[in-house]
Amino acid sequence: MTLLVAKSGSIRPTSAQWARNDLGFHVWRYSAMPTRRHFLISFVAAPIVLPRLGHAAGASAELPLTANCGDDHDLTPAQTEGPYFTPESPEKKDFASDSPGGERMTLVGYVLTKDCQPVEKALIELWHADETGTYDNSGYKLRGHQFTDAEGKWWFETIVPGLYPGRTRHYHVKVQRPGGNVLTTQLYFADEPDNKRDRIFNADLSLDIKTTSDGKFGRYDFIVA
């Protein structure tokens, strides 16, 4: 997909479809399906606009947040760690090279406090099965961690996990803000047929997924203590 981006007021071409993106910029969209990279660039570049922070310059709308943020409801639900957690994982964002045969998936999101403040340097640890449903229990394939940036953003380049016997499709995650409690939980695919047969599936932990020309793009915002 070809994107030509310009600030408001720029001359637009007559041959393109006019749209407006989340950043408050004008975007000319052509017919091809967007890639994961386009979604990631938009996510990384977007100014954070939170209810307690006011509007950032040039932003036309508030950033979509996890529903519970600012609603005085529960934090992101915790779930079981499962049998295949391995401590002391490497710091990395690229999981996809660990499993080149898998369908590509970009995972992104924020770590936020209950009152919607972004958490800088929060730990995000991810581990999951490969495309065949197999975990690497002798090394660190499809295992790793990173830390959120100054706006609380995190992202991984990985694959869609295969089905592990007795479970629906899922990712394992640990999240911890500096000095805070460790949240251990799992993330799911909303339309997965096995969700209804999985005894611990929780729809509140479903990723917001978009299909792109080169894989999937999923988002989840964690609300932590």
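This is a predicted model: local features need pLDDT of at least 70, side-chain atom pairs count only at pLDDT 80 or more; totals for chains, interfaces and linings use all residues.

Me: Which residue of S11 stands opposite methionine 105?

Reply: That is lysine 216, and the pairing of S4 with strand S11 (residues 215–219) is parallel, over four bridges.

Me: What about S4 and S7, over how many bridges do they pair?

Reply: S4 and strand S7 (residues 153–159) pair over seven bridges, in the antiparallel sense, and within S7 it is tryptophan 154 that stands opposite glycine 109.

Me: How many residues of S4 are buried?

Reply: Nine of the 10 residues in strand S4 (residues 104–113) are buried, so the strand is largely enclosed by the rest of the structure.

Me: Back to tryptophan 154 for a second, which aromatic cluster is Trp154 in?

Reply: Trp154 forms one aromatic cluster together with Phe95, Phe156, Tyr220 and Phe222.

Me: How many aromatic pairs does the count come to?

Reply: The count comes to 12 aromatic pairs. In one of them, tyrosine 188 and phenylalanine 201 have ring centres 5.0 Å apart and planes at 75 degrees, and because an angle over 60 degrees counts as edge-to-face, that is how this pair is classed.

Me: Where do those two, tyrosine 188 and phenylalanine 201, lie?

Reply: Tyrosine 188 belongs to strand S9 (residues 182–188), while phenylalanine 201 is in the loop between S9 and strand S10 (208–212), so the pair ties together parts that are 13 residues apart in sequence. Tyrosine 188 is buried, at a relative accessible area of 0%, whereas phenylalanine 201, at 25% relative accessibility, counts as partly exposed.

Me: Which sheet has S9 in it, and what is the strand order?

Reply: S9 is in an open sheet of four strands, ordered S6-S5-S8-S9 with antiparallel pairing. Strand S6 (143–147) and S9 stand at the edges with a single partner strand each, so one side of each is left without a neighbour in the sheet. Strand S8 (residues 170–176) pairs with S9 over seven bridges, and valine 175 has leucine 183 in S9 as its bridge partner.

Me: Last topic, which ring does the charged end of lysine 174 sit over?

Reply: The charged end of lysine 174 sits over the ring of phenylalanine 85, at 4.8 Å from its centre. Lysine 153, in turn, lies over the face of phenylalanine 43, 5.5 Å from the ring centre.

Conventions. Residues are numbered from 1 along each chain as its sequence is written. Side-chain values use heavy atoms; hydrogens and water are left out. Rings of Phe, Tyr and Trp (its six-membered ring) pair if their centres lie within 6.5 Å; planes under 30 degrees apart count as stacked, over 60 as edge-to-face and the rest as tilted. Buried means under 20% relative accessible area, exposed over 50%, partly exposed in between (1.4 Å probe, protein chains only). A charge sits over a ring if NZ of Lys or CZ of Arg is within 6 Å of the ring centre and within 35 degrees of the ring normal. Two strands pair if DSSP finds at least two bridges between them.
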